[in-house]
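Me: Could you go through this one with me, taking a few residues and a helix pair in turn?

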Amino acid sequence: MGIIAWIIIGLLAGAIAKALMPGRDPGGILVTMGIGIVGGLLGGWLGKVIFGVDSIDGFFDLSTWIAAIVGSVIVLALYRLITGRGHRGHRAHA
């Protein structure tokens, strides 16, 4: 797959990960895309290591999307753990 396909998958997988794990995260769309792209690569690597399958086959393959979404959720959780952001209530500044 080309870089454009990875950007599109990254954007969508990152958005789906944020929908599955709502919360306040800084960075906007660029961070979401980065999380999705890194998550897609992580998901593909985990699929190969754990299950011995080639989970990054093509843009329209279900395994590619599942790997990208699962990887994005993992990367988003790690991002929130590192930055201290997430579901916790933030106090509003008066």
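Me: Where does Ser 72 sit?
Reply: Ser 72 lies in helix α3, residues 62-83, where helices are DSSP runs of H or I with at least four residues, numbered from the N terminus. This is a predicted model, in which local features need pLDDT of at least 70 and side-chain atom pairs count only at pLDDT 80 or more, while totals for chains, interfaces and linings use all residues. Residues are numbered from 1 along each chain as its sequence is written, and side-chain values use heavy atoms, with hydrogens and water left out.

Me: Is Ser 72 buried or exposed?
Reply: Ser 72 is buried, its relative accessible area being 0%; buried means under 20%, exposed over 50% and partly exposed in between, with a 1.4 Å probe and protein chains only.

Me: And what does its side chain reach?
Reply: The side chain of Ser 72 reaches the backbone oxygen of Gly 36 at 3.5 Å.

Me: Switching to the helices, how do α2 and α3 pack?
Reply: Helix α2, residues 28-51, packs against α3 at an angle of about 120°, with the axes 6 Å apart; axes are lines fitted to C-alpha atoms over the stretch in contact, and angles run from 0 to 180 degrees between N-to-C directions. That makes α2 oblique to α3, since angles under 35 degrees count as roughly parallel, over 145 as roughly antiparallel, 65 to 115 as roughly perpendicular and the rest as oblique.

Me: What about Arg 24, buried or exposed?
Reply: Arg 24, in the loop between α1 (3-20) and α2, is exposed, with a relative accessible area of 60%. Its C-alpha atom is separated by 9.4 Å from that of Arg 80, 56 residues apart along the chain.

Technical notes
Helices (H or I, at least four residues) and strands (E, at least two) are DSSP runs, numbered from the N terminus. A polar contact is a pair of N or O atoms within 3.5 Å; within protein, one must be able to donate a hydrogen and the other to accept it, and residues adjacent in sequence count only if both atoms are side-chain atoms.
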